[in-house]
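Here is a brisk report on one protein and its ligand. Look over the sequence and the model first, then read on.

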Amino acid sequence: MTQPEKMEITSMDVAAQKREEIKKALGEAFPAIFSDNKIDFDQLRRALGDLVDSSKERYGLQWSGKAACMTQVQQLTTATLKPDRNASVDFDNSNNILIEGDNFEVLKTLQKSYYGKVKMIYIDPPYNTGRNLIYPNDYQDGLRTYLEVTGQVAGGKKLISNPDTGGRFHTNWLSMIYPRLILARNLLRQDGVLVITIDDNEQTTLGMLLKEVFDEGSFEHVCIPVVHNPRGVQGKNFSYVHEYAFFVYPSDTKSIANRKIDESEIDWSQFRNWGTESERSDAKNCFYPVIVKDGAIIGFGDVCPDDFHPEQTVIEGDTAYVYPIDRSGVERKWRYAKQSADSIKHLLRAKKIADGYEIEIGKDFGLYKTIWNDKRYDANEYGTKIVGDLVPNSPFTFPKSLWVVYDTVLAVTLDDPDAIVMDFFAGSGTTAHAVMQLNRDVGGNRKFIMVQLPEKIDDNPDFESIFDVTRARIAEAGRRIKESDPLFSGDTGFRTFRLGESNFKVWNGNPDAFDEQGKQLEMHVDHIDQSSSADDILFELLLKAGYPLTTKVETIELAGKSVFSISEGAMLICLEKEITPELIDALAEANPMRVICLDAGFNGNDQLKANAVQTFKARAQAEESEIVFRTV
Ligand SMILES: C[S@@+](CC[C@H](N)C(=O)[O-])C[C@H]1O[C@@H](n2cnc3c(N)ncnc32)[C@H](O)[C@@H]1O
């Protein structure tokens with residue numbers, strides 16, 4: 001009897017996916033480098049004529065534990081993200097996401113649904129100051145580590161203190177950040193940008209590490225000093241006023257928009273052309289008067305006929321007509337043709353000279369500079385105080401200035417107003433606030449994904465963990481943005497999820513579930529966690545089938561049973577415990593691309609399951625399509 005296949009419930013096997021991509025790209029030209037489903041890179045280098053050095057000496061950043069990080073990245077997880085509607089704001093309509101959890105496990109769970117979808121990742125990780133706590137590495141079971149660290153199960157794991165006098169100061173930090181960067185890279189779009197902030201403790205190591213994860217051939221790396229504390233933090237020899245922001249983006253795209261320049265900083269130059277090809281005869285439609293009244297430009301006259309040769313400034317009553325004639329009397333041309341003049345009028349000004357006016361043009365957009373110094377970037381004035389005002393009693397220390405994050409997101413997403421912006425070291429949620437504020441100020445529909453560890457806060461009556469602060473700040477910031485502008489209809493809600501164990505017990509890797517030959521025992525008992533809600537299961541299935549967490553889900557009725565319809569019926573999920581032949585027929589009739597049913601719904605009736613396989617096959621054949629049917 002043909003039985004349906006079981007649905008894959010582990011996270012995406014990123015290494016396997018990458019191997020497939022390499023195989024696709026290189027397989028035809030270099031078949032010899034693939035054997036046993038592995039890639040022999042030495043063989044590839046030999047094929048390209050390189051001398052293969054078998055010694056271990058290589059250029060790059062090394063530390064003890066680096067290789068183990070890769071093992072950790074490759075370890076699949078069965079973890080899931082459970083929705084929490086009560087902790088959300090406008091769950092049903094929002095496309096923003098807030099996730100409570102360790103970001104490493106969370107990044108794994110997001111691989112399938114968000115692979116190559118995120119435009120911008122902005123992160124501000126703990127800086128390794130010697131006083132920060134570091135999330136412990138675990139090469140065996142990341143989810144278990146998380147549950148222990150957060151006290152959800154017993155065990156000894158805790159965040160580790162990492163003093164600069166300890167022998168593993170840099171090592172511990174690098175082993176924390178490296179695997180997270182690898183997973184983060186997978187989520188970035190092809191034109192995606194990573195921004196990561198850091199201070200002097202790890203600036204040099206992070207710079208090298210980034211060049212390893214984002215190879216220099218394909219990515220540009222720019223490290224920008226940002227003055228975030230103009231009063232300075234006193235060191236032994238210097239007073240520190242800055243930190244850094246690394247920008248990493250594909251070298252073949254214009255990823256960073258031009259910035260709007262403040263009026264006071266605008267660079268003014270002659271509107272009249274000079275140098276080669278600057279004369280009237282080079283472009284006749286660029287010879288027309290600029291009309292000035294009371295010192296202000298009020299418009300433009302017609303293009304002058306060829307036989308009209310005016311003075312540089314012609315005064316008629318209270319109006320001046322200014323022509324592009326230089327001081328030696330040479331008739332030149334304006335830099336813009338008459339037909340475009342109106343669109344740049346706001347960039348022009350008239351400057352009084354002895355016998356008339358000169359017309360100047362200002363540039364109000366320009367490249368961002370590689371040092372950022374703006375009083376709005378002061379972390380105390382526009383970080384701590386803003387968070388303190390939004391979330392009184394917040395114990396959160398060192399948030400970023402709202403405006404430095406705002407400007408960064410603007411620089412990356414100016415031309416991409418629907419971008420997904422992610423921050424998996426969310427802290428007080430400044431990035432989410434900046435995204436909402438930006439949508440309100442410049443328009444657009446940018447969405448955020450925030451991840452924050454529920455790091456315990458001691459002795460605070462209002463907040464148990466930092467995650468609670470993140471949530472409160474984003475909710476209040478959104479509320480105030482809406483309140484300040486009733487006409488703004490943008491998304492200031494968010495869907496909250498919490499990292500947790502799979503709702504399906506059979507996949508939890510528990511050794512008791514294996515028989516003596518090491519095979520997983522068929523579980524005849526219902527393997528769904530009794531405490532799981534339909535929502536929990538639904539979102540786990542969405543995530544593991546590769547759908548985003550903001551996918552719109554409708555509940556429809558088929559053969560008297562309720563079924564979840566995803567992406568307008570492309571996928572149907574049926575959590576029904578009593579599946580009937582009529583329900584199978586109705587599911588097939590709806591002609592979806594994919595159907596997922598609970599195994600338990602068949603109540604051990606293999607005949608019904610086999611019939612279901614046949615029904616879907618027959619329907620697909622009739623429609624010349626395919627229906628993928630999985631049970632879980
Ligand atoms: C420097 S703060 C970020 C501050 C943030 N940019 C702001 O403006 O509020 C770093 C945050 O990362 C969180 N964090 C550290 N390890 C984490 C992990 N493994 N997963 C998720 N969050 C983590 C810390 O709790 C802390 O809130």
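Helix α6 (residues 169-187) has 19 residues and spans 29 Å from its first C-alpha to its last. That is close to the 27 Å expected at 1.5 Å a residue, where the expected span is 1.5 Å times one less than the number of residues. Helices here are DSSP runs of H or I with at least four residues, strands are runs of E with at least two, and both are numbered from the N terminus. Helix α6 is mostly covered, with 17 of its 19 residues buried. Buried means under 20% relative accessible area, exposed means over 50%, and partly exposed lies in between (1.4 Å probe, protein chains only).

This is a predicted model: local features need pLDDT of at least 70 and side-chain atom pairs pLDDT 80 or more, while totals for chains, interfaces and linings use all residues. Residues are numbered from 1 along each chain as its sequence is written, and side-chain values use heavy atoms, leaving out hydrogens and water.

**The whole protein**

The protein has 15 helices and 30 strands. Its C-alpha atoms fill a box of roughly 100 × 70 × 65 Å along the principal axes. Of its 632 residues, 51% count as buried. The accessible surface is about 31400 Å², and carbon and sulfur atoms hold 48% of that (Shrake-Rupley method, 1.4 Å probe; for residues, only the protein chains shown count as cover). Contact means heavy atoms within 4.5 Å. Among contacts with a separation of 6 or more, 72% join residues 24 or more positions apart.

Thr 204 lies in helix α7 (residues 203-213). Is Thr 204 buried or exposed? Thr 204 is exposed, because its relative accessible area is 58%. Thr 204 and Asp 318 are 114 residues apart in sequence and 63 Å apart in space, C-alpha to C-alpha.

**The ligand site**

| Residue | Protein atom | Ligand atom | Distance |
|---|---|---|---|
| Asp 124 | side-chain N or O | nitrogen | 2.7 Å |
| Leu 453 | polar backbone atom | nitrogen | 3.3 Å |
| Glu 455 | polar side-chain atom | oxygen | 2.5 Å |

Taken alone, the ligand exposes 600 Å², and the protein buries 92% of that.

How values were computed. A polar contact is a pair of N or O atoms within 3.5 Å; within protein, one must be able to donate a hydrogen and the other to accept it, and residues adjacent in sequence count only if both atoms are side-chain atoms.
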